[in-house]
Amino acid sequence: MASGTCSPQWHVDGRSCPYGTKVALLGASLTWPNSDQTFLVYLAAFYSTVPFGMGVGFLLLLLWRRGTRELLALALLVLQSGILLLLKLAFGQPRPVGSCLTSCGMPSGHTMCTITFLTWFAWEALPGHPAFLGASACVLLPVGWSRTVLRDHTWQQVAAGSVFGILMGCAWHAALKQRSTGRLLDWLVGRVPVLRHSYPSRRTSREDTGP
């Protein structure tokens with residue numbers, strides 16, 4: 001539905017994209033332009049693959065560590081993807097001229113994803129892990145910029161993605177601090193033998209206040 005609502009005219013007419021080539025990645029597609037393939041374009045293409053890399057990385061970490069922290073990261077990735085789809089359907093705003101993507105562009109999904117996780121990391125990492133937060137910012141913050149360089153989003157769509165990402169990250173942090181979340185994680189670890197507690201610790205989850 002989102003694609004049909006926001007499809008550019010060249011796609012409606014059954015023609016190929018005149019601006020470049022669509023590079024299809026799960027949750028992180030991008031436009032590779034026909035011209036102007038400068039260093040900034042290569043850099044933007046790299047940053048545009050970050051959400052895809054996050055998904056693969058979280059999955060591999062879950063298989064390796066089998067921890068609740070990695071499970072929560074994957075759950076957040078899936079949850080924000082679902083909310084993003086609803087937002088795109090609600091706004092129904094097409095992408096700017098120059099994009100080879102045919103789905104709706106408001107808000108920027110790449111930006112919402114990375115800012116959601118950066119916000120969550122900020123809540124979790126400060127004040128004990130500033131180096132981790134700084135490294136995360138270097139990887140995640142430029143993603144929104146990369147989407148404008150490749151003309152897959154406008155700055156307004158990137159700004160909206162940032163706002164929704166901040167709200168999502170704060171809401172996720174607040175939800176994880178509830179005592180009921182700790183009980184749910186305890187139940188999961190008890191039911192799934194291969195799953196181990198890594199977030200939060202048993203002691204922390206039981207001392208947290210909340211409903």
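Modeller: Let us begin with burial: both cysteine 6 and cysteine 104 are buried. Please keep in mind throughout that this is a predicted model.

Colleague: What do cysteine 6 and cysteine 104 form?

Modeller: A disulfide is a covalent bond between the sulfur atoms of two cysteines. Here cysteine 6 and cysteine 104 form such a link, with their sulfur atoms 1.9 Å apart. The torsion about their S-S bond is about 85 degrees, so this disulfide is right-handed. Cysteine 6 belongs to helix α1 (residues 2-6), whereas cysteine 104 sits in the loop between α5 (68-91) and α6 (109-125); the pair therefore ties together parts that are 98 residues apart in sequence.

Colleague: How many disulfides does the count come to?

Modeller: The count comes to two disulfides. Besides the pair already described, cysteine 17 is joined to cysteine 100, with an S to S distance of 2.0 Å. The link of cysteine 17 and cysteine 100 has -75 degrees about the S-S bond and is left-handed. This pair also links distant parts of the chain: cysteine 17 is in the loop between α2 (9-12) and β1, cysteine 100 is in the loop between α5 and α6, and the two are 83 residues apart.

Colleague: Is cysteine 17 buried or exposed, and is cysteine 100 buried or exposed?

Modeller: The cut-off needed for this step is that buried means under 20% relative accessible area. Cysteine 17 has 14% relative accessibility and therefore counts as buried. Cysteine 100, at 4% relative accessibility, counts as buried too.

Colleague: What is the pairing when the bonded cysteines are numbered in sequence order?

Modeller: With that numbering, the pairing is 1-4, 2-3.

Colleague: In which sense do strand β1 and strand β2 pair?

Modeller: Strand β1 (residues 20-23) pairs with strand β2 (residues 30-33) in the antiparallel sense, over four bridges. Lysine 22 faces threonine 31 in β2, and glycine 20 stands opposite proline 33 in β2. The hairpin of β1 and β2 has six residues between the strands, and glycine 27 there takes a positive phi near 75 degrees.

Colleague: Which residues make the nonpolar surface patch?

Modeller: Leu26, Phe52, Val56, Leu59, Leu60 and Leu63 make a nonpolar surface patch of about 600 Å². One of these residues, valine 56, is found in helix α4 (residues 50-65). Valine 56 has 36% relative accessibility and so counts as partly exposed.

Colleague: Where does threonine 38 lie?

Modeller: Threonine 38 lies in the loop between β2 and α3 (39-48). Its relative accessible area is 42%, which means that threonine 38 is partly exposed. The C-alpha atoms of threonine 38 and threonine 102 are separated by 24 Å, the two residues being 64 apart along the chain.

Colleague: Which residues does UniProt list for "transmembrane region"?

Modeller: The unreviewed UniProt entry lists residues 39-64, 71-91 and 155-175 under that name. Such annotations can be set beside the coordinates. The span of residues 71-91 is 100% helix and 0% strand, and its end C-alpha atoms lie 30 Å apart. Residues 155-175 are likewise 100% helix and 0% strand, with end C-alpha atoms 30 Å apart.

Colleague: Which residues does UniProt list for "domain: Phosphatidic acid phosphatase type 2/haloperoxidase"?

Modeller: For that domain, the unreviewed UniProt entry lists residues 70-173. In the model, residues 70-173 are 74% helix and 0% strand, and the end C-alpha atoms are 15 Å apart.

Key. Residues are numbered from 1 along each chain as its sequence is written. This is a predicted model: local features need pLDDT of at least 70, side-chain atom pairs count only at pLDDT 80 or more; totals for chains, interfaces and linings use all residues. Side-chain values use heavy atoms; hydrogens and water are left out. Two strands pair if DSSP finds at least two bridges between them. UniProt positions are given in the numbering used here, feature names are shortened, and annotations may be inferred rather than shown by experiment. A disulfide is a pair of cysteine sulfur atoms within 2.5 Å. Buried means under 20% relative accessible area, exposed over 50%, partly exposed in between (1.4 Å probe, protein chains only). Patches are made of residues with over 30% relative accessible area and no salt bridge: like charges are joined within 9 Å, nonpolar side chains (Val, Leu, Ile, Met, Phe, Trp, Tyr) within 5 Å. Accessible areas come from the Shrake-Rupley method with a 1.4 Å probe; for residues, only the protein chains shown count as cover. A salt bridge is a side-chain nitrogen of Lys or Arg within 4 Å of a carboxyl oxygen of Asp or Glu.
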